[in-house]
Amino acid sequence: MNTNMVVTCSTCEQDIDCRIGYSNRTVQPLSFGCPVCGSLLEITLDISCAPQSGFSFKGCQPCEDRAQGSFGSGNPFVNLHLDFPVREGGYRMGETPYLMAFEEVEKNSEDHVVAQRKMHDFTMKLDILNEMHEKADEVRRLINLYSGKNKQLFQLRASQFLEKPENKSLLPQDVNATLYLVIAKAFFPFTVFGQGKEISSAMPRLMNGLDQDKLDEFVLSLEQSSFLPTLHRDCIKLYPRIFYAELPLRPALFLDMTRHAGTEKVATKISSQDFLTLKDLYKDIIEVVNRQLVLVAGLNNLQHRGGADSFKAIDGGSLSSLRKFSEKTLSNKFKYLDDCWFNLSGEVFNLGLRNAIAHNNIDYDVSSQVITYYPEGGRLEEPIARKMVFLDFMQLLLDSFREMHNLNHVMKSILYYKYLVYDRRYSSSGD
Ligand SMILES: [Zn+2]
């Protein structure tokens, strides 16, 4: 369903033709930059009393003296839809964001039926997202409970969220198992289920093939330095923040269906504007991934050279320990991951962007949705600008979140090894 309306920008009084496509989300906060003066205009659609549509406006007003639905020539035109990337350009009847999106999926599918199934799966995913974002506060509280002292309360509240009988056990492996069920359910729409499953089944095989004494030394060092518990806590704390990105992530989730097909991206805009509140999330996720690489390196060294601290010699020298590795900058870490067992997605590491965010050398233009960042900003010479559109940033954010989640499966496996193998071995031997 679509509604056509004309709104007037409150700042410059320009009339703008808008076509609003309907999502299934109860409240749909749409926003865009005025094509003339660049002010942020917001139209919120509320379908809680469907079939009636409730509209509210900020920065603009509906134009009263124009017949709804009949666009005159001359006004700028914008397509708006929460769930899909939208095309720029003039109004063309029938070319709604939904139909354009479907056409894009169809181009990348064997036939019409396959395309329909994909769109159906996407709608299902969005329905789960609608349900989960409404439970975002509950998920946040659950993750805080997990990190707190009262594990019994965590088990109780988690069972209510999971709609499963309560697991009364307070053994760390059982409390952890509950945590991972909560994560799997709450963040299902953002993750790629198959990837996590693959890592979870590969990890025990990998660890079984390692020298057990050396592996135990590695696990002991991670515990003694508090590296693993601290990293685990910081990682799971980031999860609920992805709900803040839920609106502009929708078009990025849609692109999962088409982006690997190598087709040219014709639709480039998103119908919501949260870049400035989301940029730090990307930086913080990359920070956690950076620390997770220490685990990847330790296991890689164990696999190739029999010791977690045994790095391959690079440029005539070698790193003496994982601690030294952990002190390296992110861009310097990769070269020490020789022939790595974990398939790192290099695309998620835009270090120039991360640096620009960290030093606040970044601008965002609401109308064009272009992010301009200066990786080397803050020096006296003229900095070199790089550009990226908001939709590409949202894909980057989604990919980095998925990478952190995949590496969380590595942490999960090491923790299980500790609880179920390591702790038992050393408690029964009397050490
Ligand atoms: Zn304006």
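Predicted model: local features only at pLDDT ≥ 70, side-chain atom pairs only at ≥ 80, totals over all residues.
Local features need pLDDT of at least 70, side-chain atom pairs count only at pLDDT 80 or more, and totals for chains, interfaces and linings use all residues. Residues are numbered from 1 along each chain as its sequence is written.

Start with the whole chain. The protein chain has 14 helices and 10 strands (DSSP runs numbered from the N terminus: H or I of at least four residues for helices, E of at least two for strands). Its C-alpha atoms fill a box of roughly 85 × 60 × 45 Å along the principal axes.

Next come the domains, with bounds from an automatic or database domain assignment. Domain 1 covers 2–89, and domain 2 covers 201–259 + 266–405 + 412–428. Their centres, taken over C-alpha atoms, are 38 Å apart. The contact takes 18 residues from domain 1 and 16 residues from domain 2 (in contact means C-beta atoms, placed from the backbone, within 7 Å). On the side of domain 1 that touches domain 2, strand 3 (residues 27–33) gives the most, with 5 residues.

Now look at helix 1 (residues 97–107) and helix 2 (residues 112–134). Their axes come within 9 Å and cross at roughly 125° (axes are lines fitted to C-alpha atoms over the stretch in contact, and angles run from 0 to 180 degrees between N-to-C directions). The two helices are therefore oblique to each other (under 35 degrees is roughly parallel, over 145 roughly antiparallel, 65 to 115 roughly perpendicular, the rest oblique). Phe102, Val105 and Glu106 of helix 1 meet His112, Ala115, Lys118 and Met119 of helix 2.

Methods. Contact = placed C-beta atoms within 7 Å.
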